Amino acid sequence: MSISQPDLPVLRPRIVVMGGGTGLSVMLRGLKEKPLDITAIVTVADDGGSSGILRDELKMPPPGDIRNVLTALADVEPLMSDMLKYRFQKGEGLAGHSLGNLILAAMTDISGDFVTAVRELSRVFAVRGEVLPAAEQAVVLHAEMEDGEIVTGESKIPEAGKRIKRIFLEPDHVEPLPEAVRAIQEADAILIGPGSLYTSLLPNLLVPKLADAILASDALRLFICNVMTQPGETDNYAVSDHLNAIYEHVGHRLFDYVLVNNEPIPLKVQQRYAEQGAKPVKLDQDEVEAMGYRIIADKMVMYGTYLRHDAEMLSHHIYEQVKKHILSKG
């Protein structure tokens, strides 16, 4: 009589994704379809638009990036997702606000705590994973430009139109959320990007204990580079310039792999973006490899109203690398 062998346990790696903005949300829509335990750590430096108003008037962390991530990971009907993203076009005091931001503000007031509000809304919207603010308090982002000018405010930095020398936080020793540190410590993989380099990605890495936890981790560490440069932030940047900026702020090489797009951008698309001052991020492969990074390059873009990362392709490469990393550890 043969004895049946037990099924192998399902590989469900724990990954931490850090960033903010639209790019992070696009990637998460692909990652949530993979068998992964996802924790998203989201910046709290936003001070523009609806988020900035709620931040100033209610003395709460800015909800916009958190709301985008909750929407991306939510397992709800499309109509519910559209409702969370809905932005009022008129109404005194309402115009400009997104409904999702207002719901987060209301839940924060009800629960008395922003982190609890995020956790409760995650439960209500059946979020696939955990969403955490990088810190329990909002932070103010400053940038020192190459000419010495100091620009204050996340939304004001790109508008300055100058090359950024460095960014820094106020307060400079902001305490991270303990759950965020623990998620990094327990992660099998840590992903940073895509997103605005100076205003979405680096603010997380400048929270001292978060950067320390990443450095101490034996997780696979991946950087997802933007496809296009961003006016006022990364004008004329190649892939190596993004990596150098992170190294200069953190003081260490954080990543094992860099995921980049190598699909030529159609000329018509380039021309449309050029009108806004953006162009494709150049893959300077020799420079990147000389810095000690391994490159994963593929067609990682989709074309629509805007050029976006191909969430399915990006998630495929991430998942395959994470599996290889776990299996290599035995």
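Trainee: How much space lies in the largest cavity?
Mentor: This is a predicted model: local features need pLDDT of at least 70, side-chain atom pairs count only at pLDDT 80 or more, and totals for chains, interfaces and linings use all residues. Numbering runs from 1 along each chain as its sequence is written, and side-chain values use heavy atoms, without hydrogens and water. A cavity is a set of points on a 1 Å grid over the protein atoms alone where a 1.4 Å probe fits but cannot get out; points join across faces, edges and corners, and volume is the space filled by probe spheres set on them. For the largest cavity, that volume is about 60 Å³.

Trainee: Which element gives the most to the lining of the largest cavity?
Mentor: Lining residues have an atom within 4 Å of a point. Here they are Arg 67, Leu 70, Leu 84, Gly 100, Ile 103, Leu 104, Leu 121 and Phe 125. H3 and helix H5 (99–111) each give two or more residues; helices (H or I, at least four residues) and strands (E, at least two) are DSSP runs numbered from the N terminus. With three residues, the top contributor is H5.

Trainee: How many charged residues are in the lining of the largest cavity?
Mentor: Ala, Val, Leu, Ile, Met, Phe, Trp, Tyr, Cys and Pro count as nonpolar, Asp, Glu, Lys and Arg as charged, and the others, Gly among them, as polar. The lining has six nonpolar residues and one polar. The charged count is one.

Trainee: How many residues of H3 are buried?
Mentor: Buried means under 20% relative accessible area, exposed over 50%, partly exposed in between (1.4 Å probe, protein chains only). In H3, Gly 64, Asp 65, Ile 66, Arg 67, Val 69, Leu 70, Thr 71, Ala 72 and Leu 73 are buried. Arg 67 and Leu 70 also line the largest cavity. Of the 10 residues in H3, the buried count is nine.

Trainee: Which element gives the most to the lining of the largest pocket?
Mentor: A pocket is an open set with protein on both sides within 12 Å along at least five of seven lines. The largest pocket holds about 1,200 Å³; among its 41 lining residues, Gly 21, Thr 22, Gly 23, Ser 196 and Gln 230 are closest to the centre. Helices H1 (21–31), H2 (49–58), H3 (64–73) and H8 (197–205) and strand E12 (307–309) each give two or more residues. The most, six residues, come from H1.

Trainee: Which element gives the largest share of the lining of the second largest pocket?
Mentor: This pocket has a volume of about 210 Å³. Its lining has 14 residues, with Arg 14, Thr 39, Glu 130, Ala 183 and Glu 186 nearest the centre. Strands E1 (14–19), E2 (37–42) and E3 (130–133) and helix H7 (178–186) each give two or more. The largest share, four residues, comes from H7.

Trainee: Is Thr 39 buried or exposed?
Mentor: Thr 39 is found in strand E2. Beyond its neighbours within four places in sequence, it is in contact (heavy atoms within 4.5 Å) with Ile 15, Val 16, Val 17, Glu 130, Leu 132 and Ala 183. Its relative accessible area is 11%, so Thr 39 is buried.

Trainee: How many residues are in the largest nonpolar core?
Mentor: A nonpolar core is a set of buried Ala, Val, Leu, Ile, Met, Phe, Trp, Tyr and Cys residues joined through side-chain atoms within 4.5 Å. Met 18, Ile 184, Leu 205, Leu 210, Phe 223 and Ile 246 touch the most other members of the largest core. A second, separate core has 41 residues, including Val 118 and Tyr 257. The largest core has 55.

Trainee: How far apart in space are His 316 and Gly 30, C-alpha to C-alpha?
Mentor: His 316 lies in helix H13 (residues 311–328). It is partly exposed, with a relative accessible area of 36%. In sequence, His 316 and Gly 30 are 286 residues apart. In space, the C-alpha separation is 8.5 Å.
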